[in-house]
Amino acid sequence: MKIKYSELIDQTLYFPTEEFNVSENNLLFHDIPLMEVVEKFGTPLKVSYLPKISQNIQKAKSWFKEAFEKTEYKKNYRYCYCTKSSHFKFVIEEALKNDISIETSSAYDMDIVKSLYKEGKVTKDIEVICNGFKTDDYLAKISDMINNGFENITPILDNYRELDKLTESIDTTFDIGIRIASEEEPKFEFYTSRLGIGYKDIIPYYSQKIAEHPNARLKMLHFFINTGIKDTAYYWNELYKCLRVYARLKKIAPEVNSLNIGGGFPIKTSLQFDYDYQYMVEEIVSQIKKFCEEEGVEEPNIYTEFGSFTVGESGANIYKIISQKRQNDREKWNMIDSSFMTTLPDTWAISRHFIMLPLNRWDDTYERVFLGGLTCDSDDYYNSEQHTNAIYLPVFSDTKPLYIGFFHTGAYQETIGGYGGVHHCLMPQPRHILIQKDENGEFQYEIFREKQEPEDILKLLGY
């Protein structure tokens, strides 16, 4: 009879994987000895493994390079990092090691670019794609940077007003793009995205406002759908509608040379994750090439804006099981030493799942449990994994501590939950460490931010 936790994993999941392995009954994450990390830094703990950022960028670049060669695609590919998925300096600096561009979504992102420039991390040649609805402050910062020599900044028009405001404040020629207001998935709450300009309005708008513009040059058509890049009829239908606009636009606007297909590459949220990245890239590239050939127009440079894919798989959250509550004959609650609502808000806000595994005691027997956070809120829990409707962990013991990790949590969680500041039930923010590898392959640990102390939280509240 198979009763050990390790045996349960062996018979139900693909294991070990590229990221995970077990040594001496303890979990390794990219070969990082997690129990040693716990002994050194304690729990709860936020971990960022920076080499994974560069690894994923290089993977995507290789997929597009192979697809371009296979289809004899004549133009170029450009990888942009979507900063809103994680604005941390250590993330952007790691990403910039890989010859990428940056995609912004607010005025505050422009301050990040200026800060990186002042520190010598980027030059004025850096390519910045400015997305999102643009406030006057956002537009002013874009204009100011273009006027000061940042020639590769491309504002993507979200509405008609933005070009008028940019024209008033930019005193040189500048590139622009137009975002298509894609139609949302049929089950969505509304029909058309609130972002961008409608399919039918783009050609008339170009003819009336951009074609004879003295300074603005239309360079890019921007396409993005909320569900991400998936092999579904909905995705391909929206892409074809976008390509029809591109072909019509290219025929009257030869200066248009780039198609931005946005973001939306998924990340691994289960050990049974199954997504053929290479197939999707090749299919997208071949469909773009085929459509352009049929329409008799030059194929575009292809841009992507990957956020979660860039940074998501670099993150992990580690907790200790501090107690078990038995509420009835069937329900056992393992209580973590933190809060899901504070540190992993997507688990309760949108019922998101992450890869969850114990760090130790893999040779112990297992039991079915629920996981509860420390806040006095009924939504502060985690109750199932993607591959099953339950959670199984080594049996709780008062004498043998159990540690668990949630993995691939590097995107959005800190900014949604609030980094620093005051959290629900005054749960403190955990210590955050960065992990790098040196030239000898040795792991290097750095404390990025210490855990919050009670007095820091009380001070924010005015006490």
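The second largest cavity is lined by Lys46, Ser48, Ser86, Phe88, Phe90, Val91, Val311, Ser314, Gly410, Glu414 and His432. A cavity here is a set of points, on a 1 Å grid over the protein atoms alone, where a 1.4 Å probe fits but cannot get out; lining residues have an atom within 4 Å of a point. The model is predicted: local features need pLDDT of at least 70, side-chain atom pairs count only at pLDDT 80 or more, and totals for chains, interfaces and linings use all residues. Residues are numbered from 1 along each chain as its sequence is written, and side-chain values use heavy atoms, with hydrogens and water left out.

Stay with this cavity. About 50 Å³ of space lies in it. Volume means the space filled by probe spheres set on the grid points, which are joined across faces, edges and corners. Two elements, β4 (45-49) and α4 (89-96), each give two or more residues to the lining of the second largest cavity. Helices (H or I, at least four residues) and strands (E, at least two) are DSSP runs, numbered from the N terminus. By class, four lining residues are nonpolar, five polar and two charged. Nonpolar covers Ala, Val, Leu, Ile, Met, Phe, Trp, Tyr, Cys and Pro; charged covers Asp, Glu, Lys and Arg; the others, Gly among them, are polar. Domain 1 (5-50 + 313-461) and domain 2 (73-305) both contribute to this lining, so the second largest cavity lies between them. The domain bounds come from an automatic or database domain assignment.

Now the largest cavity. The structure holds two cavities of 30 Å³ or more, and the largest contains about 120 Å³ of space. Its lining has 14 residues, with Thr343, Glu414, Tyr419, Gln429 and Pro430 the closest to its centre. The elements giving two or more residues to this lining are α12 (340-343), α14 (413-417) and β21 (431-437). Helix α14 gives the most, with three residues. The lining of the largest cavity has two nonpolar, nine polar and three charged residues.

Leaving out residues up to four places away in sequence, Tyr138 touches Thr104, Ser105, Ser106, Ala107, Met110, Cys130, Asn131 and Phe133. Contact means heavy atoms within 4.5 Å. Ser106 is 32 residues from Tyr138 in sequence, yet 6.2 Å away in space, C-alpha to C-alpha. A polar atom of the Tyr138 side chain lies 2.9 Å from the backbone oxygen of Asn131.

Conventions:
1 Å grid on protein atoms, 1.4 Å probe; cavity = no way out; pocket = protein on both sides within 12 Å on 5 of 7 lines; lining within 4 Å. Polar contact = N/O pair within 3.5 Å; in protein donor to acceptor, adjacent residues only side chain to side chain.
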